[in-house]
Amino acid sequence: MSQVAALHTAVEPAESPLTPESWGKLGMWIFLAGDAMSFGALLAGYGALRYGSADWPLPSKVLGVGLTAFMTFLLICSSVTMVLALAAIQRGDQRGLRKFLSLTVLSGVMFLGMQAYEWTHLIHDGLTLTGNPFGAVLFGTTFFIITGFHGAHVTGGVVYLSCYLIQALRGRLGQGSANAIEIAALYWHFVDLVWILVFTFVYLL
Amino acid sequence: MTSAHKQPNYIGVFWWLLALTVLEVGVIFMPLARLLIAILLVGMAMSKAALVAMYFMHLKFERRTLGLIALTPLALCLLLVFALLPDLSATPHRSTEPPQAPATSH
């Protein structure tokens, strides 16, 4: 395949006036803006319910802040490995792409494992969707819905990135796929960004 | 292509994010007023979110229109908070059931 043909694979049928590089990127940004509204509504609802409750427990007394701080660290690390994977594919470094994409997926899986461990412990202590021995029942409801919704996004991200990792391991991701990896990276960073807010509003405040 | 801009210092951004996370956890154990702790936490969380969006999601290097798309949900969420304000003024209530009175025998 000639160099021109190889580069041509990255060119899409029409350019967007918003993002001259890619329609796909614009599409992902619009999706993420909508998704951000879902999280925003959940967090605003959480705030309203908490404000209206007289027996809302202090989250840091009930939830394990140390473990979730480490989970935050893990997601921040995964965002760094994701940008390094993107930088690798942009310069045609296949080995770097495979390494950093693997590390990103691994971080996501570890995050989910820790969330499962945290949930198991909390449920064992009596905190459920409909019960909370530490105070307001809605504390448990909102906690599991918000962290569960985020965990579902992490799961989606792990599946999404794993698909690209499999292609990368088979040597099917050339420099022409950099735009697709950049779009996937946008989703993954969004998941990290949302966790930063969830960690602050649900665990620390 | 996607790499038209100069790559930012990703590791530098990582250290900032790490430092802010450590500070956030530290702040909740400080003997400060709850309101001050809340302001500091929200400020640091927003700074971290902005760092991720600007540098990792490359918003700093994109066209302004894309930034406006990204800011739209933030504006709508603020609107949502204002819409919830009438509910926030309600008297705080306890959600736990009061202890049941022992059944009296007749």
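Reader: What share of the contacts in chain B with a separation of 6 or more comes from residues 24 or more positions apart?

Author: The share is 54%. This is a predicted model, and the value is computed from its atoms.

Reader: What elements make up chain B?

Author: Chain B has three helices and zero strands. From the N terminus on, the order is α-α-α.

Reader: How much of chain B is buried?

Author: Of its 106 residues, 33% are buried. Each of these has a relative accessible area under 20%. The accessible surface of chain B is about 7200 Å². Carbon and sulfur atoms hold 71% of that surface.

Reader: Why is Ser107(A) called buried?

Author: The cut-off for buried is under 20% relative accessible area. Ser107(A) has 9%. That value is under the cut-off, so Ser107(A) counts as buried.

Reader: Where does Ser107(A) lie, and what does Ser107(A) touch?

Author: Ser107(A) is part of helix H5 of chain A, residues 94-124. Leaving aside residues up to four places away in sequence, Ser107(A) touches Leu74(A) and Ser78(A).

Reader: Now the interface. What makes the pair Glu62(B) and Lys25(A) a salt bridge?

Author: A salt bridge needs a side-chain nitrogen of Lys or Arg within 4 Å of a carboxyl oxygen of Asp or Glu. Here the residues are Lys25(A) and Glu62(B), and their closest N and O atoms are 2.6 Å apart. The distance is within 4 Å, so the pair qualifies.

Reader: How many salt bridges are there between chain A and chain B?

Author: The count is one.

Reader: And how many residue pairs are in polar contact?

Author: Three residue pairs are in polar contact between chain A and chain B, with both residues at pLDDT 80 or more.

Reader: Which helices of chain A supply at least two residues of the side that touches chain B?

Author: They are H2 (23-51), H4 (65-90) and H7 (178-204) of chain A. The largest share comes from H2(A), with 15 residues.

Reader: What is the make-up of that side by class?

Author: The side of chain A that touches chain B has 39 nonpolar, 14 polar and six charged residues.

Reader: How many residues does each chain bring to the contact?

Author: Chain A brings 59 residues and chain B brings 46 residues.

Reader: How much area do chain A and chain B bury between them, and what share is on carbon and sulfur atoms?

Author: The two chains bury about 4500 Å² between them. Carbon and sulfur atoms account for 77% of that area.

Conventions
Residues numbered from 1 in each chain as written. Chains lettered and ligands numbered in written order. Predicted model: local features only at pLDDT ≥ 70, side-chain atom pairs only at ≥ 80, totals over all residues. Heavy atoms only, no water. Contact = heavy atoms within 4.5 Å. Buried area = accessible area lost by both parts, 1.4 Å probe. Polar contact = N/O pair within 3.5 Å; in protein donor to acceptor, adjacent residues only side chain to side chain. Helix = DSSP H or I, 4+ residues; strand = E, 2+ residues; numbered from the N terminus. Nonpolar A, V, L, I, M, F, W, Y, C, P; charged D, E, K, R; others polar. Buried < 20%, exposed > 50% of the residue type's maximum accessible area, 1.4 Å probe, protein only. Areas by Shrake-Rupley, 256 points an atom, 1.4 Å probe, with all protein chains shown as cover.
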